[in-house]
Amino acid sequence: MSKVDRLGWTDGLAFKCQGVTVGVRTNNPKVLKRVKKVLPLESTLIDSPVVDHLFSLFIGVDAPPPNFRRHHLLYNGSVRLIRTMKDDELFDTLESMLRLRVAEFTKRRVFIHAGVVAWKGKAIVIPGSSHSGKTTLVTELIKAGATYYSDEYAVLDKNGLTYPYPKTLSIRENGNSRQTEYAVEKFGAKAGKKPLPIALVVVTDYKRNGLWRPRVLTEGRGALEMLVHVVSARRQPKFALSTLNQVASRATVLKSKRGEAKQTAQAILQMLS
Amino acid sequence: MEKTNQKFVPLARKEKLIIEQMADEVLVYDLTAHKAHCLNLTAAVVWQNCNGKNDLSQITRFASRDLQATVSEDVVLLALNQLEKFNLLEKKKESPVSLPHISRREVMKRVGIASAIALPVVASIIVPTAMANASCALVPCGVGGTCNPPCNCDTPGGPGTCI
């Protein structure tokens with residue numbers, strides 16, 4: 001029995017999402033209500049003592065001596081993910097890690113770390129790692145009239161169609177590394193509901209005074225650029241490659257640095273118009 | 001160019017590779033190194049003709065046939081250099097012959113810039129782990145917390161956020 005198993009767990013829940021079963025146990029049953037709010041999209045609660053992945057959520061309690069408080073702890077298996085006094089940080093981490101585990105282990109979909117919007121019935125996918133500016137570009141695209149699909153993952157099926165994965169937009173403001181959550185309605189935008197074929201993949205990141213000069217990549221090079229951002233690439237490379245083949249054979253893949261997001265968004269939408 | 005040793009008979013590696021054929025290119029995922037490669041048409045045709053029996057002149061002849069254009073031995077040699085560099089050829093311990101090296105610049109000088117076929121290209125990436133795709137700003141750091149690579153703490157030693 002590992003140390004984490006001895007921390008005194010009193011309750012938990014299990015859910016299934018995209019074929020992956022995940023359990024969350026805790027020492028404080030009252031937090032399960034909040035845990036349910038951060039479950040990944042399309043999760044269904046299940047009644048199973050055995051799961052693929054287990055998270056353990058230890059809620060710190062006030063204890064003597066006076067003013068002493070234990071930290072909140074979050075584990076995935078026996079690996080500690082976070083130790084914090086702040087509730088928001090704890091649940092933000094839990095939410096992101098739950099999504100990541102589903103994205104990594106599902107065999108039904110390929111998750112690409114990307115922003116996605118829809119324009120004239122086709123999807124535009126913007127692969128990118130954290131801090132590449134994809135949420136900023138997604139925000140400008142939806143302000144310009146595109147339909148919001150996701151600012152975190154492009155979720156692809158084996159035929160290369162992309163599914164909505166909407167959540168609040170996580171925007172970094174004024175150079176802060178922490179993000180602020182905004183509903184898409186704040187920008188007058190709608191969230192997409194149905195799967196779409198991908199017409200355009202934009203491989204870009206922000207560079208100060210960067211010039212938007214996109215070049216079209218070959219299908220193979222385009223697939224390689226996307227593969228870097230596929231969450232399950234190492235776990236399921238065959239599925240990832242065959243899905244990216246579907247995408248790259250039908251979509252145009254562009255690569256370029258970009259400057260301000262507003263101008264780039266207009267240029268992108270003009271290309272598809 | 002001096003005559004290369006005709007006894008070099010390269011063999012394309014197949015083990016621990018996932019191969020995805022595209023229209024004019026081939027994607028190869030190396031399960032041992034977690035690297036992915038994209039071979040353009042010329043590189044892919046040369047690789048496919050490395051059967052452990054064809055020597056350089058035979059590979060050149062078959063590549064010319066498959067590409068429907070005249071291919072020089074220099075171009076094939078350049079392709080083989082790249083395939084070997086990215087571990088896509090079987091390593092033969094007993095082989096007495098090592099592959100001669102030729103640079104892209106030398107090949108371009110010899111065949112000319114306006115060649116009928118594209119020079120062989122193997123583009124390569126390292127495939128990151130799933131955690132490398134995660135947002136950095138999930139974890140506080142400095143005191144009692146650490147950042148997962150490639151994230152770093154914005155205030156080393158003090159309370160901060162992973163960036």
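Guide: Two residues are in contact if their C-beta atoms, placed from the backbone, lie within 7 Å. The model is predicted: local features need pLDDT of at least 70, side-chain atom pairs count only at pLDDT 80 or more, and totals for chains, interfaces and linings use all residues. Residues are numbered from 1 along each chain as its sequence is written, while chains are lettered from A and ligands numbered from 1 in the order in which they are written.

Visitor: How many helices and strands does chain B have?

Guide: Chain B has four helices and six strands. Helices (H or I, at least four residues) and strands (E, at least two) are DSSP runs, numbered from the N terminus. Along the sequence, the pattern of chain B reads β-β-β-α-α-α-α-β-β-β.

Visitor: What makes β1(B) and β2(B) a pair?

Guide: Two strands pair if DSSP finds at least two bridges between them. β1(B) and β2(B), the latter at residues 26-30, share five bridges in the antiparallel sense, and they therefore meet that definition. B:Leu17 has B:Asp30 of β2(B) as its bridge partner, and B:Ile19 stands opposite B:Val28. Four residues lie between β1(B) and β2(B), which form a hairpin.

Visitor: Why do β1 and β4 of chain B stand at the edges?

Guide: The sheet is open and has four strands in the order β1-β2-β3-β4 (chain B), with antiparallel pairing. β1 (17-21) and β4 (122-126) of chain B each have a single partner strand, so one side of each is left without a neighbour in the sheet. From one strand to the next, the twist averages 15°.

Visitor: Which helices of chain A lie across strands of chain B, and at what angles?

Guide: Axes are lines fitted to C-alpha atoms, for helices over the stretch in contact, and angles run from 0 to 180 degrees between N-to-C directions. Helix α4 (residues 219-227) of chain A lies across β2, β3 (35-39) and β4 of chain B, at about 165° to β3(B). Helix α5 (residues 237-250) of chain A lies across β1 and β2 of chain B, at about 15° to β1(B).

Visitor: What makes β2(B) and α1(B) mostly covered?

Guide: A residue is buried if 20 or more other C-beta atoms lie within 10 Å of its own, exposed if 12 or fewer, and partly exposed in between, with C-beta atoms placed from the backbone. Four of the five residues of β2(B) are buried, as are seven of the eight residues of α1(B). In α1(B) these are B:Leu41, B:Thr42, B:Ala43, B:Ala44, B:Val45, B:Val46 and B:Trp47. They pack against β2, β3, α2 (56-67), α3 and β4 of chain B. For chain B as a whole, buried residues make up 37% of its 163 residues.

Visitor: Why is α1(B) called roughly perpendicular to α3(B)?

Guide: The axes of α1 (residues 41-48) and α3 (residues 73-85) of chain B come within 9 Å and cross at roughly 80°. That makes α1(B) roughly perpendicular to α3(B), because angles under 35 degrees count as roughly parallel, over 145 as roughly antiparallel, 65 to 115 as roughly perpendicular and the rest as oblique. B:Thr42, B:Ala43, B:Val46 and B:Trp47 of α1(B) meet residues of α3(B), including B:Val75, B:Ala79 and B:Leu83. The contact of α1(B) with α3(B) has eight nonpolar, two polar and no charged residues; Ala, Val, Leu, Ile, Met, Phe, Trp, Tyr, Cys and Pro count as nonpolar, Asp, Glu, Lys and Arg as charged, and the others, Gly among them, as polar.

Visitor: What is the arrangement of α2(B) and α3(B)?

Guide: α2(B) and α3(B) pack with their axes 9 Å apart, at an angle of about 105°. That value falls within 65 to 115, so α2(B) is roughly perpendicular to α3(B). B:Leu56, B:Ser57, B:Ile59, B:Thr60 and B:Ala63 in α2(B) meet B:Glu73, B:Val76 and B:Leu77 in α3(B). By class, this contact has five nonpolar residues, two polar and one charged.
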